[in-house]
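Could you show me around this structure, one selection at a time? I have it open in my viewer and would like to know what to click on and what is there.

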Amino acid sequence: MDSYTLAAAERLTTRPARDYRHFSVQPVTPVIGAELTGLDLSRPLDDEQLAEVKDAFLTHHVLVFRDQHLSPDDHKRFAGYFGQLRRSQRVAGDDRDPEVLDIKADGSSSFVDGNGWHTDGTADAEPSLGSMLYITRPPAIGSGGDTMWANMHFAYEMLSPTMQAFLDGLTAVHDGLIPWQGYQPPLEYTIPKSEHPVVVRHPETGRKLLFVNPGFTSHIVQLSPDESRGLLDMLFTMVATRPVLSCRVRWTPNTLVFWDNRCTQHHAIWDYYPHERYGQRVSINGTRPTA
Ligand code: SIN
């Protein structure tokens, strides 16, 4: 690790651990992710439980709840504690619940949602606050299909102060067409495109973070195309090649993971073809990112 990364890791990992009354917490890594044991999400949570979950969420960014037996309404109720639910666009005649997205891959899949580093919905003017993925059937071979999450506060903090200062004043375009490369989106879909600061502050903690991702960010507005490509590639490579800033979760049947889209990227690993993996995702509306 270089000295900037070490200093950032030291700041992150010397936070005092907190005890909770309603569940126990086992961090996945010192910088991102925690398994919470002791809550049954099929039942409504009371205010105290919810306040503790919110605290753990802001501390660890990715919360893992195992052995949950949830109906779609339970899943939506838990997500609804954190904000309004996002509605997916649907083509005419598709009467599935727009608030619940199937995440499914099997032997007939030619692509898999989220198989690359990205943050959900950043092409929207008000990107998602967070997502909750409930995997009921991980790959039957017993391994594969893990998901990785990266801490984008840490990604910003591991940069040199000179690079941080340079990025601080920039904005980038996030283009909803990027995930469709090679495919034709349904004609009735509205494809979102938005400009956001490259460095934003988390709306609840005020901490700075790097807010660009290869899944949606097309270019940095204030730079030439070559400069923009070079800089974004450097930042994307840093996230992809520094395992110290990410955690990896292995799904067991009936696991729900709740992650903060405002300060993380994630990558669903498609290493189980032709096996099946199935779950449902509910996402929560967020607010416009600000520098
Ligand atoms: C997603 O990108 O939201 C899907 C994540 C996953 O399937 O693990």
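Here is a short tour that begins at the ligand and then moves on to some individual residues. Keep in mind that you are looking at a predicted model.

**Stop 1: the ligand and its surroundings**

Start by selecting the ligand.

Now show the residues around it. The ligand is surrounded by Ile103, Gly114, His118, Asp120, Leu133, Thr147, Trp259, His266, Ala268, Arg277 and Arg281. If you colour this shell by class, you will find four nonpolar, four polar and three charged residues.

- Thr147: a side-chain N or O atom is 2.5 Å from an oxygen atom of the ligand.
- Arg277: the distance from a side-chain N or O atom to an oxygen atom of the ligand is 2.8 Å.
- His118: a polar side-chain atom lies 2.9 Å from an oxygen atom of the ligand.

How much of the ligand's accessible area does the protein cover? On its own the ligand has 260 Å² of accessible area, and the protein covers 99% of it.

Switch to the cartoon view and find strand 14 (264-268) and strand 15 (277-284). These are the elements that give two or more residues to the shell around the ligand.

**Stop 2**

Select Pro274, which you will find in the loop between strand 14 and strand 15. Is the peptide bond from Tyr273 to Pro274 cis or trans? This bond is cis, with omega near 10 degrees.

**Stop 3**

Go to strand 6 (residues 147-151) and pick Asn151. Asn151 counts as buried because its relative accessibility is 0%, and buried means under 20%. Show its side chain and you can follow it to the backbone nitrogen of His153, which it reaches at 2.9 Å.

Then click on Met152, in helix 4 (residues 152-157). Met152 is buried too, with a relative accessible area of 2%.

**Stop 2: Asn261**

Move to the loop between strand 13 and strand 14, where Asn261 is found. Is Asn261 buried or exposed? With 2% relative accessibility, Asn261 counts as buried. Its side chain makes a polar contact of 2.9 Å with the side chain of Ser131, so display both side chains together.

**Stop 3: two residues with positive phi**

Finish with two backbone angles. First select His61, in the loop between helix 2 (47-60) and strand 3 (62-65). Phi of His61 is near 70 degrees, a positive value in a residue other than glycine. His61 counts as buried, at 2% relative accessibility.

Then select Asn254, in the loop between strand 12 (246-249) and strand 13 (255-260). Asn254 is not a glycine, but it has a positive phi of about 70 degrees. Is Asn254 buried or exposed? Asn254 counts as buried because its relative accessibility is 18%, and the limit for buried is under 20%.

Technical notes:
Residues numbered from 1 in each chain as written. Predicted model: local features only at pLDDT ≥ 70, side-chain atom pairs only at ≥ 80, totals over all residues. Heavy atoms only, no water. Near = heavy atom within 4 Å. Polar contact = N/O pair within 3.5 Å; in protein donor to acceptor, adjacent residues only side chain to side chain. Areas by Shrake-Rupley, 256 points an atom, 1.4 Å probe, with all protein chains shown as cover. Helix = DSSP H or I, 4+ residues; strand = E, 2+ residues; numbered from the N terminus. Nonpolar A, V, L, I, M, F, W, Y, C, P; charged D, E, K, R; others polar. Buried < 20%, exposed > 50% of the residue type's maximum accessible area, 1.4 Å probe, protein only.
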